Amino acid sequence: GISSCAPGGTLLGPPDTVVDLGNTEVTEEIFLEYLSSLGESAFRGESYNLFEHNCNTFSNEVAQFLTGKKIPSYITDLPSEVLATPFGQALRPLLDSIQIQPPGGSTFSRHNGQS
């Protein structure tokens, strides 16, 4: 599912790093329609997978929609780098057996009192 937080934040607190991908010409109305369609299709809560379909996958898709640019590969490649280690290989069966659902659902708001 898709959830939102105040600009410059995350559901887990402040981000470690902010990467500037540029500007967008996409209007807020079009962006909210786009997010709604993603929440009903590709990014429904049950499609979340820690290694293959996660918040970085979502961020990459949204960044491309808004700016035409991908997020850095050091972010999107992190799950496969972890899985390439012996520890990652040992941990994967355990993590695959647990249903991991990030907080929230298919909800997002404009952070000005409207939703």
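Helix H2 has 13 residues and spans 18 Å from its first C-alpha to its last, close to the 18 Å expected at 1.5 Å a residue; the expected span is 1.5 Å times one less than the number of residues. Helices (H or I, at least four residues) and strands (E, at least two) are DSSP runs, numbered from the N terminus. This is a predicted model, in which local features need pLDDT of at least 70, side-chain atom pairs count only at pLDDT 80 or more, and totals for chains, interfaces and linings use all residues. Residues are numbered from 1 along each chain as its sequence is written, and side-chain values use heavy atoms, with hydrogens and water left out.

**Overall make-up**

- The chain has five helices and zero strands, in the order α-α-α-α-α along the sequence.
- Of its 115 residues, 17% count as buried; buried means under 20% relative accessible area, exposed over 50%, and partly exposed in between (1.4 Å probe, protein chains only).
- Among contacts between residues at least 6 apart in sequence, 68% join residues at least 24 apart, where contact means heavy atoms within 4.5 Å.

**Confidence**

- The mean pLDDT of the chain is 84, and 85% of its residues reach 70 or more; pLDDT is the predictor's confidence in each residue, from 0 to 100.
- Confidence is lowest in helix H5 (residues 86-97), with a mean of 88, and highest in H2, with 95.
- Over residues 105-115 the pLDDT is below 50, and this stretch has 24 contacts in the model beyond near neighbours in sequence.
- Where pLDDT is low, the predicted coordinates should not be read in detail.

**Helix H1**

- H1 also has 13 residues, and its first and last C-alpha atoms are 18 Å apart, close to the 18 Å expected at 1.5 Å a residue.
- Its buried residues are Leu 32, Tyr 34, Leu 35, Leu 38 and Gly 39.
- Seen down the axis of H1, these buried residues fall within an arc of 160 degrees, so they line one face of the helix; the arc is that of the directions from the helix axis to the C-beta atoms.
- Glu 29 and Glu 40 are exposed on the other side of H1.
- The buried residues of H1 pack against H2.

**Helix H2**

- Phe 58, Asn 60, Val 62 and Ala 63 are the buried residues of H2.
- The cover over them includes H1 and helix H3 (73-76).
- Asn 60, in helix H2, is buried because its relative accessible area is 15%.
- Leaving aside neighbours within four places in sequence, Asn 60 is in contact with Lys 70, Ile 71 and Thr 76.

**Nonpolar core**

- The largest nonpolar core has eight residues: Ile 2, Leu 32, Tyr 34, Leu 35, Leu 38, Phe 43, Phe 58 and Val 62.
- H1 and H2 each supply at least two residues of this core, and H1 gives the most, with four.
- A nonpolar core is a set of buried Ala, Val, Leu, Ile, Met, Phe, Trp, Tyr and Cys residues joined through side-chain atoms within 4.5 Å.
- Leu 38 lies in helix H1 and counts as buried, at 5% relative accessibility.
- Not counting residues up to four places away in sequence, Leu 38 touches Ile 2, Phe 43, Arg 44, Phe 58, Glu 61 and Val 62.
- Leu 38 and Phe 58 are 20 residues apart in sequence, and their C-alpha atoms are 9.0 Å apart in space.

**Aromatic pairs**

- The structure holds two aromatic pairs.
- Rings of Phe, Tyr and Trp (its six-membered ring) pair if their centres lie within 6.5 Å; planes under 30 degrees apart count as stacked, over 60 as edge-to-face and the rest as tilted.
- Tyr 34 and Phe 65 form a stacked pair, with 3.7 Å from centre to centre and 5 degrees between the planes.
- This pair links distant parts of the chain, with Tyr 34 in helix H1 (residues 28-40) and Phe 65 in helix H2 (residues 55-67), 31 residues apart.
- Tyr 34 is buried, at a relative accessible area of 14%, whereas Phe 65 is partly exposed, at 31%.
- Phe 43 and Phe 58 have ring centres 5.3 Å apart and planes at 80 degrees, so this pair is edge-to-face.
- The pair also links distant parts of the chain: Phe 43 is in the loop between H1 and H2 and Phe 58 is in helix H2, 15 residues apart.
- Phe 43 is buried, with a relative accessible area of 6%, and Phe 58 counts as buried at 19%.
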